[in-house]
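Work through the exercises below with the model open in your viewer. Try each task before reading its solution.

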Amino acid sequence: MPAPERTAGPDPWSTLLDVLVCPLCGGRLATSGGSLRCPAGHTFDIARQGYVSLLSGGSRAAGADTAAMVRARAEFLDSGHFAPLARLLAERTAAFCPAGGTVLEAGVGTGHHLAAVLDALPRAVGLGLDSSKFALRLAARAHPRLGAASWDLWQPLPVRSGSVDVLLNVFAPRNGEEFHRVLRPSGALLVVTPTARHLDELRQPVGLLSVDATKEARLHRTLSQHFRRTGTEVEEAVVGLDEPAEVENLVAMGPTARHLAAEELHRRVAGLDLPVRVTLSFRLSVYRPLVRSEQ
Ligand SMILES: C[S@@+](CC[C@H](N)C(=O)[O-])C[C@H]1O[C@@H](n2cnc3c(N)ncnc32)[C@H](O)[C@@H]1O
Ligand SMILES: [Zn+2]
């Protein structure tokens, strides 16, 4: 797929320094050489690859994608098979993001979806948080208006309260209380989860983990303390994969990769009759923040 033409617009950090705060004291961050620094002197390196290291001491949250998972994800997303999802996210984000607004993606991965969203919003800036340095290296370069920072989503977010217009959460951990705190009351949380049909054709022959049938109800229960769900839609496509590497990447970028050795995956994919038709099936839900009296 040809790379889209990108609108550079403002340096994202000039806006994002109004959004990010020092994770240790909540103070305002400013650039200082190759770092960000708060008035109390807490200093966070900007890595050579362009992302800010807010997670201290090289700490790494459980769940961070490995180098191999990120490589597989980047290669598979490059194939364009997830483009309908990126388009849908861009359309739905545009409905809630004012000109010059801020979009936060919690669990940004390679930055693929956030970059597509920013392409559709020529003046918006994006902040991507993730705990995987391998993902952040790519996210930091995914779009000129995207800033990336390392963080563990289970910790209080280093983000100013009420500063985010749209919060994207695509197959990543959800911290409802913190998502609510950082969103403007006029904002929206867009959550994408796989449906039970996602990758169904590969489930048995490759031994994929099943999508937990109670997951959607659990998701809704957790978020409903802080949000009202205002819409849900399913985006589905059947794609033909004719290269073993494509099938391997699709599996290796997801949760099954944590339970299946690469050699075994390779062996199982070699046994498939290619091309194989695979269903990609996502549910996108829109959540609006409850006001305090509704919580
Ligand atoms: C399945 S990937 C999805 C990435 C991206 N949203 C996409 O759809 O391409 C999940 C991402 O969440 C990140 N992640 C998992 N646990 C995390 C945590 N506790 N804090 C921050 N990021 C986390 C992983 O490193 C990974 O990049
Ligand atoms: Zn500080």
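Predicted model: local features only at pLDDT ≥ 70, side-chain atom pairs only at ≥ 80, totals over all residues.

**Exercise 1. The zinc site**

Task: Find which residues coordinate the zinc ion (ligand 2), and work out why the arrangement counts as tetrahedral.

Solution: 
- Step 1. List the donors. They are Cys22 (SG), Cys25 (SG), Cys38 (SG) and His42 (ND1), at 2.1 to 2.3 Å from the zinc ion (ligand 2).
- Step 2. Check the angles. The four donor atoms subtend 102 to 115 degrees around the zinc ion (ligand 2). Four donors count as tetrahedral if all angles lie between 85 and 135 degrees. The arrangement is therefore tetrahedral.
- Step 3. Read the spacing of the donor residues along the sequence. The pattern is C-x2-C-x12-C-x3-H.
- Step 4. Cys22 is in the loop between α1 (12–16) and β1 (30–32), and His42 is in the loop between β2 (35–37) and β3 (43–45), so the pair ties together parts that are 20 residues apart in sequence.
- Step 5. Classify the accessibility of these two. Buried means under 20% relative accessible area, and exposed means over 50%. Cys22, at 2%, is therefore buried. His42 has 24%, so His42 is partly exposed.

**Exercise 2. Strand β5 and its partners**

Task: Determine how many residues of β5 (residues 102–106) are buried, and which strands pair with β5.

Solution: 
- Step 1. Count the buried residues. Five of the five residues in β5 are buried.
- Step 2. Sort the side chains by direction. Thr102, Leu104 and Ala106 point one way, while Val103 and Glu105 point the other way. The general rule is that side chains in a regular strand alternate between the two faces of the sheet.
- Step 3. Take the first partner. β5 runs parallel to β6 (residues 125–130), with five bridges between them. Leu104 sits opposite Leu127 of β6.
- Step 4. Together with helix α4 (residues 112–120), β5 and β6 form a right-handed β-α-β unit.
- Step 5. Take the other partner. Three bridges link β5 to β8 (residues 164–170), again in parallel. Here Glu105 faces Leu168 of β8.

**Exercise 3. The setting of His198**

Task: Decide whether His198 is buried or exposed, and find which residues His198 touches.

Solution: 
- Step 1. Locate the residue. His198 belongs to the loop between β9 (183–194) and α7 (200–207).
- Step 2. Apply the cut-off. The relative accessibility of His198 is 11%, so this residue counts as buried.
- Step 3. List the contacts, leaving out residues up to four places away in sequence. His198 touches Phe82, Arg203, Thr279, Leu280, Ser281 and Phe282.

Terms used:
Residues numbered from 1 in each chain as written. Chains lettered and ligands numbered in written order. Heavy atoms only, no water. Donors = N, O, S within 2.8 Å, 3.2 Å for Na, K, Ca; no water. Tetrahedral: all angles 85-135°; square planar, octahedral: opposite > 155°, others 65-115°. Helix = DSSP H or I, 4+ residues; strand = E, 2+ residues; numbered from the N terminus. Buried < 20%, exposed > 50% of the residue type's maximum accessible area, 1.4 Å probe, protein only. Pairing = 2+ DSSP bridges. Right-handed = clockwise from strand over helix to strand, strands pointing away. Contact = heavy atoms within 4.5 Å.
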